[in-house]
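The following exercises concern one protein model. Please study the sequence and the structure before reading the solutions.

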Amino acid sequence: MSEPNEIREIRINPIVPGESVLVATARSMRPKKAEDLAPRDTRKHVETCPFCRGNEDKTPPEILTYPATGDWHIRIVENLYPVLGDDRTQTNFSFGLQQTIDGYGRHEVIIDHYEHGTALHDMSSTHLALLFGTYRDRMAQIYASDDRLKYVLVFKNFGPAAGASIPHTHSQVIAMPVVPENVQAEVDNSREYFRKHHHCIFCALIDEALTFEATIYDRNSGEIRRKIDVGQYVVERGEKFIAIKPFASRFEWEVHILPLAHQADFLAISADDLADLASVVKRTMARLDAVIGGAQYNYFLHAVPHDAHTAEHAASYHWHLEICPRTSIPTGFELGSGLFVNTISPEAAAARLRNAQIAPE
Ligand SMILES: [Zn+2]
Ligand SMILES: [Zn+2]
Ligand SMILES: [Zn+2]
């Protein structure tokens, strides 16, 4: 038996059509909730934590601190257990059908804040601008240091449900000798769209997200009382950035943040842009936290790769931050079918996030 407002449809990701999502709001589809997982650590300082101030000698070698002298606010260190490294020479090999590519690269940790369990929306906008500026600067340094590195991925796991192994708030930087397949798929498909339509698909999606309008008429006179021009998929916006709920969201509370003006390369972000990005990130995270309660999430930056083709993609690719809160655990259906299952309609989720009460800045 299906309920009247139930949605049951497969939505195709407009940028990567091979990736699709089953939006199924029926109760039976609801997978195990991550609420049952361990809660996150909210303490300000932990004596035994290697990432807390005062324990600097407990981390692998330091790469940079901000500010450079005095008490640090943000600190970059090498990863203790790097998944990719430049510390030994390996060679590619193939054996029968088995092939490997050398795991050459870099893996670093950015300690986001000196306070242990501080959530992103509790950080000041000034601090968040510094954090995203740190991402930009470190990405630029890594790209400039070694042209064998084709992609620098910045990401953050926050909370045990998102796979964070150290509870102290931190981000990671992994530099790879190949462009990851999902980034390449976005880059290639947006290029293809540009060839046909002569404009950027991400810019087109922002325009679409902004076109929903509502008019409220006076019940008695029939006169227009209020005209609301909010996009159905818009969660938050600043002067230069917008947070939107993707139509084909893989995760219930997934939100993407994009620059309103076309920009392919995250490294091109200016100081003014960083200030606006920081306040949009802060408000978006506060909305997620208000709705989910203690959001545990992964986020990652997708920007144009710095390889031989960077210039070709300048007009067609558009950098973005994908925020993926983890509220459920993938099931056998998802792993077996490759279809993400989303049990809350993206339209309803966007409305709830938009209507959430958050503290003024
Ligand atoms: Zn700590
Ligand atoms: Zn664009
Ligand atoms: Zn992306």
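Two exercises with worked solutions follow.

This is a predicted model, in which local features need pLDDT of at least 70, side-chain atom pairs count only at pLDDT 80 or more, and totals for chains, interfaces and linings use all residues. Residues are numbered from 1 along each chain as its sequence is written, and chains are lettered from A and ligands numbered from 1 in the order in which they are written.

**Exercise 1.** Determine whether H170 is buried or exposed.

Solution. UniProt, in an unreviewed entry, lists H170 under "active site"; such annotations may be inferred rather than shown by experiment. H170 lies in strand β9, residues 170-176 (strands are DSSP runs of E, at least two residues; helices are runs of H or I, at least four; both are numbered from the N terminus). A residue is buried if 20 or more other C-beta atoms, placed from the backbone, lie within 10 Å of its own, exposed if 12 or fewer, and partly exposed in between. H170 has 21 such neighbours and is therefore buried.

**Exercise 2.** Explain why the buried residues of helix α6 lie on the same side.

Solution. In helix α6, residues 346-355, the buried residues are P346, A349, A350 and L353. They cover an arc of only 100° around the axis, so they share the same side of α6; the arc is that of the directions from the helix axis to the C-beta atoms. In general, an α-helix has 3.6 residues a turn, so residues three or four places apart point the same way. The cover over these buried residues includes β12 (234-237) and α4 (271-292), where contact means C-beta atoms, placed from the backbone, within 7 Å.

Notes:
Two residues are in contact if their C-beta atoms, placed from the backbone, lie within 7 Å.
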